[in-house]
Amino acid sequence: MSAETLLDIFVPPEDMFGYGAALVAMTGAEDFLEEAVQRFTGLRPRQRAELGNVFVHLMLDGHASSSRLQVFPPGRIPGLHEFQPRATNPGSLLHAKVALLAFARNRMGVPVHLRLAVMTANFTYTSARQQLELVWTVDVPLEGTAPAEDRADVAAAAAFIETLLARRFHRDEQQLPSRARKLTARLDTLLATAASLAPVNCKPRFIHSLDRALYAQIQEGFRGALDSKKNLLLCGSGFYEEPSGTVRKPTVFARLENLGVFTDSVQRIALVEPGESGAVATWAREGKTEGWQIVRPMDALGFNRRLHAKFVFAAYHRDGIVSNGCLYLGSGNLSRRGILTHGEMPMGNVETGVVFAVDERFDREALERSLFYPDKGRPIDKHEWSVGRVGDKPEDLPLLEAPPILSAMIDPAPSRQLRLLWREDASDSASITWTGRHWFDVRRDDDVLLESTENPTALHVRAGGDREWVVPVVDAAGRVGWQPPRFDTYADALAALLDFPIRPAEATDDRDGAEGAEEDGGGAQGARTGKTMEQAKRYALHAAAELVEEVAALQAALPKSMLDDWLDHLDRMFRASFPEDLIATWRTHRINVFVHLREPELRSPHLTDKQRARYFEVLDGAAHALGLR
């Protein structure tokens with residue numbers, strides 16, 4: 001699997017957009033996650049920041065790691081929110097690797113297509129570029145009849161994520177009724193949609209070790225799928241268990257021999273990286289591997305990537321043809337921690353995987369390409385064997401500590417204030433600040449009033465002396481870290497309003513327009529100097545008429561599929577900073593441009609009842625915000 005293959009997981013089906021995603025892994029790196037979110041949304045960081053929507057929800061292991069020393073703060077990867085981990089046993093590791101994604105016909109629409117990916121890789125370029133990995137995906141269109149097995153897998157993955165969230169993470173808005181949850185709205189919809197697909201009497205291929213070790217589930221899957229004896233057992237793992245005090249067959253190898261019913265002449269093969277082979281090193285160095293062939297994995301592309309994939313494959317092999325197979329792949333290494341422990345054990349791992357029948361017949365060459373098995377590989381010399389490190393246990397870094405305040409919401413009524421969402425088990429006091437405010441102390445039940453001009457986009461939280469965090473602020477519309485766009489001239493504001501639909505990522509750049517906007521603004525402000533009140537009134541009337549005419553023409557021409565996106569775009573752009581002198585003139589002469597746009601002949605003829613209500617809400621909100629009511 002290449003970097004492109006791993007990133008392909010996030011690419012929407014044709015004519016669709018990324019709606020929402022839940023990602024679970026041991027670790028993730030900022031550069032890879034940014035690329036993944038960009039492919040999923042089709043938008044660059046600046047574009048996502050301007051939208052303010054959270055598209056991707058991330059759950060990583062609670063230990064600090066070499067690629068991540070803290071939870072990603074809001075805005076670091078626009079459109080992504082990482083959940084704060086709960087305190088857990090330091091010896092327990094979240095090692096699962098899974099992605100559940102939803103796609104829609106438009107950015108603000110509803111899911112019409114789901115995708116589940118079960119991986120052996122973390123969300124890092126190390127996994128994507130330097131390691132041999134495997135990924136299994138299933139796509140489930142909601143418009144039509146998807147196979148029961150596919151629906152069962154998607155529903156099982158959603159149930160796993162729900163339980164994982166409840167046990168291992170703080171859900172910022174869990175204390176709120178579902179209709180009031182803004183930060184996790186897309187995640188809630190994704191999980192509910194996936195759960196609704198569960199068929200009756202169909203066992204999923206997806207497995208996890210929240211409560212039960214993987215081995216028994218893999219064994220059940222193999223014995224259910226293998227209807228005859230097999231003579232080939234091929235296993236691979238990124239890491240193996242730690243050595244004991246004696247030289248003997250690793251425990252997991254003995255357990256793997258009982259996965260299915262094998263012939264007396266079974267060929268057992270284990271792919272092992274000799275430099276990081278754990279207990280296999282002390283065993284294989286003696287040259288007495290008791291019915292197992294220990295083989296160096298092969299990179300079919302010749303890139304010398306290291307094996308990190310974890311899999312078990314059983315099949316029947318005859319005359320160079322492999323058939324009637326069954327495969328496990330997943331996050332669980334072939335070690336005691338990987339497949340013999342579960343998440344409720346003090347030193348247990350949470351893993352995910354999938355077990356499925358491989359009905360296709362293929363030759364040994366295909367086996368080499370797909371499962372890294374070299375038919376004629378270079379022998380492993382005794383001096384190459386090394387225990388190395390074990391990769392399925394916590395790193396020697398501390399657990400991350402969650403802040404006492406997880407996020408904040410801007411409540412517009414009855415008085416404009418910041419609602420703080422406290423961690424349920426935290427102390428009742430902390431200090432907070434945001435841009436434009438000095439640090440001040442708050443308690444759990446305090447009301448934090450906002451001035452009319454204050455729009456905090458992120459909240460800095462301090463507790464216990466020098467401990468400090470940055471947490472997201474969600475506005476009344478559900479946007480995170482968002483401020484209204486700022487324009488120096490009416491022409492710039494109108495151009496941005498009419499720049500719809502949003503251009504894809506490859507068609508723009510985060511620096512586009514920044515310098516030109518400053519230059520245009522200075523010139524326009526100078527040109528307005530010395531204008532008479534009558535000229536200002538005529539200009540304001542002309543601007544109002546132009547705004548109504550241009551908006552009406554554009555929205556009348558939009559197809560039905562774009563209307564949800566258009567309403568969201570209108571709401572953001574109508575809250576933009578139009579030149580204050582123009583707004584003041586509109587107020588003085590009671591020119592409410594928004595009331596005219598309510599007229600049937602000026603609005604879209606395709607609005608549903610729900611969309612029409614939303615459209616009127618946007619117009620009324622804009623008029624109120626600009627003081628035109």
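Hi everyone. On the scale used here, buried means under 20% relative accessible area, exposed means over 50%, and partly exposed is what lies in between, with a 1.4 Å probe and protein chains only.

A word on the source. This is a predicted model, in which local features need pLDDT of at least 70 and side-chain atom pairs count only at pLDDT 80 or more, while totals for chains, interfaces and linings use all residues. Residues are numbered from 1 along each chain as its sequence is written, and side-chain values use heavy atoms, with hydrogens and water left out.

Back to E30. Which side chain does E30 meet in a salt bridge? The partner is R76, at 3.7 Å from N to O. A salt bridge here is a side-chain nitrogen of Lys or Arg within 4 Å of a carboxyl oxygen of Asp or Glu. This pair ties together distant parts of the chain: E30 belongs to helix α2 (residues 30–41), R76 sits in the loop between β2 and β3, and 46 residues separate them. Helices (H or I, at least four residues) and strands (E, at least two) are DSSP runs, numbered from the N terminus. R76 is partly exposed too, at 38% relative accessible area.

The loop between β2 and β3 also holds R68, which pairs with E82 in strand β3, 14 residues away. Are R68 and E82 buried or exposed? Both are buried.

By this rule, the model has 42 salt bridges. One more pair deserves a look: D568 and R572 meet at 3.1 Å, N to O. Both lie in helix α15 (residues 563–574), 4 residues apart, about one turn of the helix. D568 and R572 are both buried. Through shared partners, salt bridges join D475, R479, D568, D571, R572, R575, R614 and E617 into one network.

Helix α2 also contains T41, which counts as buried at 3% relative accessibility. The T41 side chain reaches the backbone nitrogen of L43 at 3.2 Å. Leaving out residues up to four places away in sequence, T41 touches R48, F55 and R107; contact means heavy atoms within 4.5 Å.

Now the sheet. What is the strand order? It is an open sheet of 6 strands, β3-β2-β1-β6-β7-β9, with mixed pairing. Two strands pair if DSSP finds at least two bridges between them. The edges are β3 (80–82) and β9 (135–141), each pairing on one side only. From one strand to the next, the twist averages 15°. Strands β2 (residues 56–60) and β3 run parallel, joined by 3 bridges, and V56 stands opposite L80 in β3.

Two helices pack on this sheet. Helix α5 touches β1 (17–25), β2, β6 (98–104), β7 (111–119) and β9, and its direction makes about 110° with that of β9. Helix α6 (residues 185–195) touches β1, β2, β6 and β7, at about 85° to the direction of β1. For the angles, axes are lines fitted to C-alpha atoms, for helices over the stretch in contact, and values run from 0 to 180 degrees between N-to-C directions.

On to the cores. A nonpolar core is a set of buried Ala, Val, Leu, Ile, Met, Phe, Trp, Tyr and Cys residues joined through side-chain atoms within 4.5 Å. The largest has 59 residues, and L116, F311 and F313 touch the most other members. Helix α5 (residues 148–168) gives the largest share, 8 residues. Apart from this core lies another, of 40 residues, including A496, A543, F574 and V618. As for L116, its contacts beyond four places in sequence include V98, W136, V154 and F206.

Last, some backbone geometry. Most residues other than glycine have a negative phi, and most peptide bonds are trans. A cis bond joins F500 and P501, with omega about 0°; P501 is in the loop between α12 (490–498) and α13 (514–528). E290 is not a glycine, yet has a positive phi of about 50°, and is partly exposed at 46% relative accessible area. R590, likewise not a glycine, has phi near 55° and is exposed at 78% relative accessibility. Thanks, everyone!

Key
Polar contact = N/O pair within 3.5 Å; in protein donor to acceptor, adjacent residues only side chain to side chain.
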